[in-house]
Amino acid sequence: MKNFCKIIYSLVIFIFLLGNFTAEAASYETKVFPLENNGYKIYLSKLQTSDGAQKKSVLLIHGLTYSSHVFDVDFADYSFVKFLARNGYAVWRLDVAGYGRSQAVTDGFLPDSDYAAKDILAAVNLILNETGEKKIDVIGWSWGTVTCSRFAAKNPELVNKIILYAPILSGLGAENVTAPFHKNDWVHAADDFQKLSDGKINPAIVEPAVAATFLSNCWHYDKDSSPNGGRRDLMTPASNQLIFVENLKMPVMIIEGTNDGYINREMLKKVLPNCPEGSEFVEIEGGGHAMMIEKPFYKNFRNAVLKFLKR
């Protein structure tokens, strides 16, 4: 398995170098900021273009199992992080305790949704202190919509706008999660991709090089296990509402794809009328859970996000 992973990783490096000849030319600078919460060292980074101009901050919050590298699939122009940077943002990314480049936790049930919200608060406080800004924009994906909405509900004075991309509005089905850590593998890492009838990733939706880059990053950064606290939160009955937009006091964008199997459509109908003033709902026809890297949909997705942020 390890030799196979090394071969795949080497292939991805080659593809990365080839693909980036076609990416938009820009120079970027990245800085990692020391951060600790509850005794754990937390990974927090900032990427922006290196033109010296003042940047507005936006914080990206990852989903369940895989960490903040998911926003930086660095093949051709697919990197969502670099797209935002090219459009004038300082793009901050956080790995919740136990995930990715943050310190490992001994109890995999510790970083649940409420705990993650506290890691987000620690990151936001550092960012605002570092930049002098009063508020920040926040984008959460998948489980990240649960965690960042809980953070924002308790700290509305710190948030300018919040974007819930592919929101987990309700429980995904009752399941007794007993293992504190999830066993990661290639098949699971590919679950968010749209597939053909034979189970293979649909190359018309996700370019093979994009899928390979994403999967290799999962192996490189998240390795073979991830905390299960968030999974225990999500594996509850579909009637269990997880995001309460009526508790948010800032404009909310809900953006999802019609082929996203994690969206509870009935709960969506219930939630949308409760969004605060200035909110927006965008549905992308054909888009899946990972539409930020889906060839037919990623440009529409990120252009909609950028429009909401800049209005």
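User: How do you know at what angle helix α3 and helix α4 pack, and how far apart their axes are?

Analyst: This is a predicted model, so keep in mind that every value is computed from it. Helix α3 covers residues 113-131 and helix α4 covers residues 143-154.

User: What makes the crossing of α3 and α4 right-handed or left-handed?

Analyst: The test is which way the near helix is turned from the far one: clockwise counts as right-handed. The crossing of α3 and α4 is right-handed.

User: Which residues make that contact?

Analyst: To count, heavy atoms have to come within 4.5 Å. On the α3 side that gives Ser113, Asp114, Ala116, Ala117, Ile120, Leu121 and Val124. From α4 you get Trp143, Val146, Thr147, Cys148, Arg150 and Phe151. Sort them by type and there are 9 nonpolar, 2 polar and 2 charged residues.

User: What makes up the lining of the largest pocket?

Analyst: A residue joins the lining if it has an atom within 4 Å of a pocket point, and 21 residues line this one. Leu64, Thr65, His188, Arg231 and Tyr262 lie nearest the centre. Two helices, α5 (186-189) and α7 (229-234), each supply at least two lining residues. By type, the lining divides into 12 nonpolar, 6 polar and 3 charged residues. The volume of this pocket is about 380 Å³.

User: You named Thr65 there. What is its phi, and where is it found?

Analyst: Thr65 has a positive phi of about 80 degrees, although it is not a glycine. You'll find Thr65 in the loop between β5 (56-61) and α2 (80-86).

User: And what is phi of Asn38?

Analyst: Phi of Asn38 is near 55 degrees, again a positive value in a residue other than glycine. Asn38 sits in the loop between β2 (36-37) and β3 (40-41).

Terms used:
Residues are numbered from 1 along each chain as its sequence is written. This is a predicted model: local features need pLDDT of at least 70, side-chain atom pairs count only at pLDDT 80 or more; totals for chains, interfaces and linings use all residues. Side-chain values use heavy atoms; hydrogens and water are left out. Axes are lines fitted to C-alpha atoms, for helices over the stretch in contact, and angles run from 0 to 180 degrees between N-to-C directions. Helices (H or I, at least four residues) and strands (E, at least two) are DSSP runs, numbered from the N terminus. Ala, Val, Leu, Ile, Met, Phe, Trp, Tyr, Cys and Pro count as nonpolar, Asp, Glu, Lys and Arg as charged, and the others, Gly among them, as polar. On a 1 Å grid over the protein atoms alone, a cavity is a set of points where a 1.4 Å probe fits but cannot get out, and a pocket is an open set with protein on both sides within 12 Å along at least five of seven lines; lining residues have an atom within 4 Å of a point. Grid points are joined across faces, edges and corners, and a volume is the space filled by probe spheres set on the points.
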